[in-house]
Amino acid sequence: MAEEMLTPGPGQVRALFVLNGNPAATVTDQLQVVEALESLELLVTTDIHLTATARRAHYNLAPRMQLEVPSTKGDFPPSYYANSYLGYSDAYAHYTPALVEPPDGADLIEEWELYYGLAQRLGLQLDLTPARFFVSGPPAPPVANPTQVDMTTKPSTDDLLDLMSRGSRVPLSEVKRHPGGALFPPEEPFVVQPKQEGWAGRLDVGNSLMMRDLAEVLADGDTAQQLAGGYDFRLLCRRMHQLNSALHHPAIDKGRPYNPAFMNPADMAALGLSDGDLVEISSSRATTPAVVVGDDELREGTVSMSHGFGDTPDRDHLVREVGTSANRLLSNDRVYDPYSGQPLMSNVPINVRKLGPVDPRAAARERDGRTAGEP
């Protein structure tokens, strides 16, 4: 994405619309991404927070939030990406109207209104196809006769929900008759359908190209070895319980709005570190500050951090408030998958060194889990 913005020539991306995302902090190789975003002729964000990306935008549009818009939940299938929270074991559907209105005088829109307005002014016809969420497999084939959106009279969100659910086994009007949602089991059970006519594909076990690549990995041993010279630690991926989008709320982050750099206590002792200390983490690409915390379940020589936190280098002094962008330590063009282009995002060679004096209050909070406002 960044290279498409930075590389001159035909097709160079000069404008970007960001819908509730924060690429300046969350996309790999933060330094390159920030350079790319700042080079754009037009950057528009839609977000309820002034994120690192929104601060660089020419325009940031504040959208309505969940309780201020109508919505539906249906029997969407679980997927490889979100099987723990998407999909039901039974055919369930629920419609909820907007429960509250925005505050008086609030200049808010729904996200779709921005793109509808742009298309309307550009003279474009928008089509809607049935909703499709996180479904594994190839893209759905084009719909023969997509539903056209009225580009003269602006629809409501309910109008769009009606269009998106057109042709459903259970009409949306029937779902709306059940304010608390309901089960809508089919009259006949669904079974595995016969394969498509003319389909000849089969599972390719032991594909020769795959076996060649596996042999190369086995021979090389360490794909990050070319970056490892002079570095004593490896940066690993990690996940934490709280969601990144909720970290602005003290009741949820419980006094830890940042993503710690977790280390084995033996490594911390060797570096003279205690819980809550500030450290500087360096890779072959960049350097970033972080708050260190011990974790005796980690192997020595490793550092583990969650992604999706932090800000840009100009706000590194807020590391205890916003966390660390681990993506700054990653490079898009040094070690990457030859097929997808995905860069090395774990097992990244790094160094760690202590920064500044110990903050005893922060260290105490790390040890016993007290919230930030408590003594």
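Biologist: How many bridges join strand β11 to strand β12, and are the two parallel or antiparallel?
Modeller: Five bridges join β11 (residues 278-282) to β12 (residues 287-294), and the two strands run antiparallel. Val279 stands opposite Ala290 in β12. Strands (E, at least two residues) and helices (H or I, at least four) are DSSP runs, numbered from the N terminus. Two strands count as paired if DSSP finds at least two bridges between them.

Biologist: Where does the model come from, and what are the ground rules?
Modeller: This is a predicted model, where local features need pLDDT of at least 70 and side-chain atom pairs count only at pLDDT 80 or more, while totals for chains, interfaces and linings use all residues. Residues are numbered from 1 along each chain as its sequence is written, and side-chain values use heavy atoms, with hydrogens and water left out.

Biologist: Which residues have the most contacts inside the largest nonpolar core?
Modeller: Met263, Ile281, Val303, Ile350 and Val352, in a core of 21 residues. Two or more residues each come from β9 (233-238), β10 (261-263), β11, β12, β13 (302-306) and β14 (348-355). β14 gives the most, with three residues. A nonpolar core here is a set of buried Ala, Val, Leu, Ile, Met, Phe, Trp, Tyr and Cys residues joined through side-chain atoms within 4.5 Å. Buried means under 20% relative accessible area, exposed over 50%, partly exposed in between (1.4 Å probe, protein chains only).

Biologist: What does Val303 touch?
Modeller: Leaving out residues up to four places away in sequence, its partners include Phe233, Leu235, Ala261, Met263, Ile350 and Val352. A contact is heavy atoms within 4.5 Å. There is also a second, separate core of 13 residues, including Met5, Leu16, Leu37 and Leu43.

Biologist: Leu16 is in β1, then. Which face is covered?
Modeller: The covered face of β1 has Leu16 and Val18, and the uncovered one has Ala15, Phe17 and Leu19. In a regular strand, side chains alternate between the two faces of the sheet. β1 is joined to β2 by five bridges, and the two run parallel. Phe17 stands opposite Val44 in β2.

Biologist: Now α4. Which of its residues are buried?
Modeller: Leu114, Tyr116, Gly117 and Ala119. They pack against β1 (15-19), β2 (42-46) and β3 (59-61).

Biologist: What span should α4 have?
Modeller: At 1.5 Å a residue, the twelve residues of α4 (111-122) should span 16 Å, and the end C-alpha atoms are 18 Å apart, which agrees. The expected span is 1.5 Å times one less than the number of residues. Just after α4, Gly123 takes a positive phi of about 70 degrees.

Biologist: Where is Asn20, and what is its phi?
Modeller: Asn20 is in the loop between β1 and α2 (23-26). Its phi is positive, about 55 degrees, although Asn20 is not a glycine. Asn20 counts as partly exposed because its relative accessibility is 42%.

Biologist: And Ala326, buried or exposed?
Modeller: Buried, because its relative accessible area is 9%. Ala326 lies in the loop between α10 (319-322) and β14. Its C-alpha atom is separated by 9.6 Å from that of Val27, 299 residues apart along the chain.
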